[in-house]
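These are my notebook entries on a structure that I looked up element by element. I ask the reader to keep the sequence and the model in view while reading.

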Amino acid sequence: MPQSTDLLQGTLDLLILQTLALEPMHGWGVAQRIQQLSKDVLQIGQGSLYPALYRLEYKGWIRSEWQITENNRRAKYYRLTQTGKKQLTTELATWDRLSSAIASVLGRATEAAS
Amino acid sequence: MISELLTRLRFLTFRKRRTELDEEIEFHLEHAIATRIAAGMDPAEARRQALIEFGGIESTREQCDRQRPAWWIGTVMQDVHYAFRGFGRNPLFTISVLITLTLGIGATTAVFSVVDRILFRPLPYSNPSRIVSVGFVHSVERQEFVMGRFYVEWQKNQTPFSTIAAQSTMVHNCDLVENNPVQLNCISFQASFLPLFGISPALGRNFLPEEDLPNGPPVVMISYGLWKGHYNGDLHILDRLITVDGHPARVVGVLPKDFQFPTLEEADIVSPFALDPAVQQKVNAGFGDPERVFARLKPGVSVEQAYAQMLPLFNDDLKSFPPSAKSETHLSIRTLRDRETQDVRPVAWVLFGFVLAVLLIACANVAGLMMARGAGRQRELAVRSAIGASRGRLIRQALTEAVVLSFAGGLAGLVTAQALLIVFDRLAPTGIPFISKAHLDLRIAVFTTLISCLCGVMFGLATALQKPRLAALNAKTSMSRNHAFLRRSLVTVQIAISIILLSGAALLLRSFTRIEEQNLGMQTGGVLTVKVALPSWRYNTSQKVMDFYLRLESSLRRLPGTRAVGITDSIPPGGWQSDFRFADLHVQGKPPIPPGTGGTVVGRSVTPDYLRALNIPIVRGRNFADQDRTGDEREVILSRLLAERLFPGEDPIGKLLLPGAHISSGAGAIVVGVADNAKNNGLTEESDPEMYTLRRSLLDDWSGNHLIAIVDSAMTMAAIEPWVRSEVSSIDCTIPVEMEPLNQSLNRLADRPRFETTLLGFFALTGLVLAVVGLYGLIAFMTTQRTHEIGVRMALGATRSDILYLIANDGLRMVLVGLTIGLGTALAVSRMLKTLLFQVSVYDPLTYITIPLLLSLVALVAILIPARAGTRVDPAVTLRAE
């Protein structure tokens, strides 16, 4: 099992928003999707996933509703709201600025750009 | 099979009421398990792995709960609830803290609100620190004044001021003649006066420059009080003609509600000053009328520089002064604040010191109590910590308690402060400026509350911050001794401070009784003073004035029970009276007295029965007699002090005083008698020598129309007052009469020292109560802490008196140390009280013996009560309790 990387503060929110931007999903799906997309590098501890989902919902960036899954099970699906979309755009911009800044400090500006 | 397993799992994991979150987590777990089983894992192992991967379900649930925006309110409520339960379990502690906070916050806020205006608050003018009072000062007049003739020149030639403005020296009575005539106070100032102070009228406008000229159009401004009271706040007051002293004048403005004259006088009607240089050259022997002058310093000019710049002008003016007055007249420029607050400042500083001291005691008390409670709770804290409370949670709990207590104490303190301010206002004599304007200042309230809370929180936290050790769980090792030294020092300091406060208050009390008991040199009981001010616009000749007062005198003499009636221009021992310089007296056949020596002499112009009415004994020669009024010679009576000064070792009777001060003209006056000294310079100041001149039935002797009749009567004051009133109105029914028994006005003179004594006494008592509460609390606490030790000692054979001695000894040592420190400090700082004391030394031995004794006695009681409770310990019970 690859060493899981500690997530930066606030990065989890960004990942969740990005994941939900594709399609509405339940908590398990969000965790799976992030793990798949990061090729198992990012493993979301469930201890932090659900608090993060609740936090984002209280902030009004995502909304939840109960739906029936393909297996006929009731599950809570989260979807991005209008404000959530805007927030995602700003967070992405912030992330780009931050990561390129960090990259140039680390002297890897060219690699990051390529 | 899988679903059966999952159902079982569901009931295993979620036995509580299912929530949406529970269902979500359950869904998650089902998927996690299903994925693992699909990957070929054994179902039981899959479940195990999934649960491990998920981590703590309960903690996830809590974490999610915490995301709720206001989740912390719930925990605060929980803390508050817990705090209240704690207070209920420990009422002695709670009540002690509350009393301390209430008294401490209440008293300090109230008094600070009062002194704040005197010491720290800017005056209610724009940029008040740049306003100065400027003028001459003189041995007789200590407040700056300028004679009209010089003011005309100053206005033209002064350089240091951007504005300069004059106000008439004194308010004078004036009549508002309307359907219901009233007597009011009138004053006048220049058109530049209000702009100088940055004040604009509440209604209407200021005087125009052309109205401020001699013979300008008659206009007035009226006070807010008159507008609201007499005219019911009528908005049509502007441009209305009102008749003041028989002359119509147009109202152009209303002064602001909170406007305050820089002289702190009260006036209802203001007219333009209308300075007339031509007139000022003539009146008052060519000097012009005295006036009060205020000015605003130019930017960058200091008071000292202004003084230097004004000095040449002043020296010019001095050349025209009579030689005798030159050396005694000086130029003075001081800030308005100095002028307004100078005579109350010593009291204000002493009060301020008392406030700080009481606040210090209160803080020490709260700190001591909180520390004691913290030490007593270590076991409880250790238990809470052991069952999982985080340190942050414990600290928050301690903070919550401190805040709840402070909030309650602060609230009670504010109520107390408001009540105290009302009491102060009632008690306060009229002479203390600003006190009626003092109101509860929230900034101060918040400040004092914060200070006392800070003490509580700091010391409350001191114990909470220590990580509760497991050792505290088995209470055999008490950790209370950690802070024992600090707590003891706090109590010692409290005792020391209360000694200082108490001895200060006691000195003032002694001084006050001295004032009350002193021999005034005259009788005050059974004497009625009747002030009759004649309006000068109707009584415009000396003839009319003399006729009125002589008729009044004879009709008062006819009243039943009257023993003597005197008419005078002033009454001792306080209030306005005419002063003149000792050096201006000329005795026939003696060299003139060198100018500038001898200080001032009080001159009183009286009718023959004045000394009889006040029962001032004649020690030599004779009293005035009725036939002296018509004689050709002018008679004077000297006070014993003046006689000794003027004629040391000689018989003053028959000596002739040449015209000069107080004896205006004619051939001079013959000394016919010497009267005993009577107090004439207020209650506390050293008396001045005094000269009584006789008011003969000559027009020259009857200038002035504010005279006072003194009636010595065998009847009660209440009985003769209506008679006097009807006698006055039978002569002229429009004249207002002010009557007051002499001892009542004397009582008023003592108001100020009484007020100061009451205030400081109250403070000292507050301090004492707080210190005793602190001492009692500490001894009680230490006794409880030592219950186990006492039990052991008693089991080993110690008697009750041994135990009592053990505990009391501890407390008495603190008291003794506190007493010593306090006495030393009190003796060192008592010099600050010197200006407030009358005939009492700042090292008054009686005070410094009584107060420590008193305090020791109270402290002994505060120690013995809890100590005795400690001796009632039953050794069998305490030993088994562990």
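The entries below go from confidence to folds, contacts and backbone angles.

**Entry 1. Conventions**

I noted that residues are numbered from 1 along each chain as its sequence is written, and that chains are lettered from A and ligands numbered from 1 in the order in which they are written. The model is predicted, and local features need pLDDT of at least 70, side-chain atom pairs count only at pLDDT 80 or more, and totals for chains, interfaces and linings use all residues.

**Entry 2. Confidence in chain A**

I first looked up the pLDDT, which is the predictor's confidence in each residue, from 0 to 100. Chain A averages 79, and 85% of its residues score at least 70. I then went through its elements; helices (H or I, at least four residues) and strands (E, at least two) are DSSP runs, numbered from the N terminus. Helix 4 (residues 82-105) of chain A has the highest mean pLDDT, 88, whereas helix 5 (residues 109-113) of chain A has the lowest, 49. Over residues 1-5 of chain A the pLDDT is below 50. Beyond near neighbours in sequence, this stretch has seven contacts in the model; two residues are in contact if their C-beta atoms, placed from the backbone, lie within 7 Å. I remind myself that where pLDDT is low, the predicted coordinates should not be read in detail.

**Entry 3. The fold of chain A**

I found five helices and three strands in chain A. Along the sequence they follow the pattern α-β-α-α-β-β-α-α. The three strands form an open antiparallel sheet in the order 1-3-2; two strands pair if DSSP finds at least two bridges between them. Why does one side of strand 1 (25-26) and of strand 2 (62-68) of chain A lack a neighbour in the sheet? Each of these strands stands at an edge with a single partner strand, so one of its sides is left without a neighbour there.

Strand 1 of chain A pairs with strand 3 (residues 74-80) of chain A over two bridges, in the antiparallel sense. In this pairing I located A:Met25 opposite A:Tyr78 of strand 3. Helix 1 (residues 11-22) of chain A packs on the sheet and touches strand 1, strand 2 and strand 3 of chain A. The direction of helix 1 makes about 100° with that of strand 3 of chain A; axes are lines fitted to C-alpha atoms, for helices over the stretch in contact, and angles run from 0 to 180 degrees between N-to-C directions.

**Entry 4. Where chain A meets chain B**

I recorded that 14 residues of chain A are in contact with 16 residues of chain B. Helix 2 (27-37), helix 3 (46-59) and strand 3 of chain A each give two or more residues to the side of chain A that touches chain B. The largest share, seven residues, comes from helix 3 of chain A.

**Entry 5. Burial and the core**

A residue is buried if 20 or more other C-beta atoms lie within 10 Å of its own, exposed if 12 or fewer, and partly exposed in between, with C-beta atoms placed from the backbone. Of the 114 residues in chain A, 26% are buried.

I then looked up the largest nonpolar core, where such a core is a set of buried Ala, Val, Leu, Ile, Met, Phe, Trp, Tyr and Cys residues joined through C-beta atoms within 7 Å. Of its 96 residues, B:Leu775 and B:Ile779 touch the most other members. Helix 14 (residues 345-376) of chain B gives the most to this core, with 20 residues. Not counting residues up to four places away in sequence, B:Leu775 touches B:Val491, B:Gly811, B:Ala859, B:Ala862 and B:Ile863.

**Entry 6. Strand 23 of chain B and its partners**

Strand 23 of chain B is mostly covered, with six of its eight residues buried. Strand 14 (residues 562-568) of chain B is also mostly covered, with six of its seven residues buried. Six bridges join strand 14 to strand 23 (residues 706-713) of chain B, and the two run antiparallel. I found B:Thr568 opposite B:Ile708, and B:Gly566 has B:Ile710 as its bridge partner. Strand 13 (residues 527-533) of chain B is joined to strand 23 of chain B by seven bridges, again antiparallel. Here B:Thr529 stands opposite B:Ile710.

Most residues other than glycine have a negative phi. B:Asn127 lies in the loop between helix 6 (91-119) and strand 1 (131-137) of chain B, and is exposed, with 12 other C-beta atoms within 10 Å. B:Asn215 also has a positive phi, near 60°.
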